[in-house]
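I opened the model today to look up its charged pairs and its surface. My notes follow in the order I took them.

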Amino acid sequence: AREQLFGGHHPQEQQQSGYGEQSSGGFHNAQAILKDQDKIMDEQDEQLAHLQKSVRTLLNVSREINEELEHQEGIIDELGNEIGKTNDKITKTEKRTEDIVKKNKGCTVM
């Protein structure tokens, strides 16, 4: 990843090679540090790739849940409308029944 960003050269290496006064032990130590940093960055890149995959999976699951909820919302709205219509029919039937009972109060059956 670093090679792509810096074209295969590390900024620290360019600075060190310009001085020329460092001892070879210090230069090798700096190279070891850079190598360790590259390894850490590569591990972080792998972890980020894994995290990205997990986030994409979570995004897909949340989209599917959203679609299902929208579908169920439509079903619930339709059910609510049907319940409202049934309630209206029951109210009308109760009213007619009351009217019939009032009309027949004065009548006796033998």
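Entry 1: I am working from a predicted model. I started with aspartate 99, which forms a salt bridge with lysine 95. The closest N and O atoms lie 3.5 Å apart.

Aspartate 99 has 31% relative accessibility and counts as partly exposed. Lysine 95 is also partly exposed, with a relative accessible area of 47%.

**Entry 2: the rest of the salt bridges.** How many salt bridges does a search of the whole structure find? I got two. Besides the pair above, glutamate 82 and lysine 85 join their side chains in a salt bridge. Here the N to O distance is 3.8 Å. I recalled the cut-off, within 4 Å, so this pair qualifies.

The helix is again the place to look. Glutamate 82 and lysine 85 are three residues apart in helix α3, which spans residues 24-103. That spacing puts about one helical turn between them. Are they buried or exposed, or something in between? I found glutamate 82 partly exposed, at 42% relative accessible area. Lysine 85 reaches 48% relative accessibility and is partly exposed as well.

**Entry 3: the overall layout.** I stepped back to the whole chain. I counted three helices and zero strands. Read from the N terminus, the order is α-α-α. The chain has 110 residues, and buried ones make up 5% of them.

Entry 4: I followed up on one of them. Aspartate 77 sits in helix α3. With 47% relative accessibility, aspartate 77 is partly exposed. Patch members need over 30%, so aspartate 77 clears that cut-off.

**Entry 5: a nonpolar patch.** I also found a nonpolar surface patch made of Leu48, Leu51 and Val55. Together these residues have about 290 Å² of accessible area. Helix α3 holds valine 55. Valine 55 counts as partly exposed, at 49% relative accessibility.

How values were computed:
Residues are numbered from 1 along each chain as its sequence is written. This is a predicted model: local features need pLDDT of at least 70, side-chain atom pairs count only at pLDDT 80 or more; totals for chains, interfaces and linings use all residues. Side-chain values use heavy atoms; hydrogens and water are left out. Helices (H or I, at least four residues) and strands (E, at least two) are DSSP runs, numbered from the N terminus. Buried means under 20% relative accessible area, exposed over 50%, partly exposed in between (1.4 Å probe, protein chains only). Patches are made of residues with over 30% relative accessible area and no salt bridge: like charges are joined within 9 Å, nonpolar side chains (Val, Leu, Ile, Met, Phe, Trp, Tyr) within 5 Å. Accessible areas come from the Shrake-Rupley method with a 1.4 Å probe; for residues, only the protein chains shown count as cover.
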